[in-house]
Amino acid sequence: MPGMWWVVGVVVAVVLVTTYLTWTAARVDRLHSRVASAARALDAHLLRRAAAAAVLAEERYAVELYAASRIALDAEGDEREAAENDLTRQLRITPLDPDDQAAGAVIGASRRLGLARQVHTDLVRDALSARRRPLVRLMRMSRKHERPRYFDIDDPTLDTRTGLSVS
C-alpha cells in the first residue's frame, strides 16, 4: 500500500500540470481573440471618424480636410497609420464648435476612437506579455495566432474650442 501513494501523487501532479497548461493555452487564445475584436472595433471607429470628418469638410468646403478624410477612408495596411495621423492633424487645425451637428459628430467620434485605441493598446500589450512567457514560448502556445501589432496614431481627442488635442 505505501507504493500506492506515489501513484496517487504522480497522478495528482500530472492533473495539476495539465490543468495549468490548458488554462494558460486558453488564456493565450482568449487574449488573441480579444485583440482581434478590439482591432475590428478600432477600425470601425476610424472609419466613423473619417466619414464624419468628410461630412464636416463638405459642409465647410474644406478641401484639405476632405482630402485627408478621403485618404483615411481609402487607406489600407501600413499606410493607414500615416493617413489617420494626417487626418488628426487636419482636425486639430480646424475650429470645432460642439453646437454644430457635424462638428459634434467629429468630436464624439474622436473621443470614442481614443477609447477604442486605448483598449486595443492595452490588449495588445497583454497579449505580447503572455507570448513572452517562457512556458508559452516553450510549448509554442501562440503559434496559431499572428503576432499582434500596436496601432500607433496621435491622440485623436480634440478640444471643442480650438480643435487642438487635449492632453
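Q: Which element supplies the largest share of the lining of the largest pocket?
A: In this predicted model, the elements that give two or more residues to that lining are α1 and α3. The largest share, 7 residues, comes from α1.

Q: What is the volume of the largest pocket?
A: The lining of this pocket comprises 20 residues. Those nearest its centre are A39, H120, E146, R149 and F151. The volume of the pocket is about 520 Å³.

Q: Which residues of the largest nonpolar core touch the most other members?
A: This core holds 18 residues. The members that touch the most others are L56, L65, L87, L91, L96 and V106.

Q: How many residues form the second, separate core?
A: Among the members of this second core are L31, L123, V124 and A127.

Q: Is L16 buried or exposed?
A: L16 lies in helix α1 and, together with M4, W5, V7, V8, V11, V12 and V15, makes a nonpolar surface patch of about 800 Å². Exposed means over 50% relative accessible area. Because its relative accessibility is 57%, L16 counts as exposed.

How values were computed
Residues numbered from 1 in each chain as written. Predicted model: local features only at pLDDT ≥ 70, side-chain atom pairs only at ≥ 80, totals over all residues. Heavy atoms only, no water. Core = buried A, V, L, I, M, F, W, Y, C linked by side-chain atoms within 4.5 Å. Buried < 20%, exposed > 50% of the residue type's maximum accessible area, 1.4 Å probe, protein only. Patch = residues over 30% accessible without salt bridge, like charges linked within 9 Å, V, L, I, M, F, W, Y side chains within 5 Å. Areas by Shrake-Rupley, 256 points an atom, 1.4 Å probe, with all protein chains shown as cover. Salt bridge = Lys/Arg side-chain N within 4 Å of Asp/Glu carboxyl O. Helix = DSSP H or I, 4+ residues; strand = E, 2+ residues; numbered from the N terminus. 1 Å grid on protein atoms, 1.4 Å probe; cavity = no way out; pocket = protein on both sides within 12 Å on 5 of 7 lines; lining within 4 Å. Points joined across faces, edges and corners; volume = space filled by probe spheres on them.
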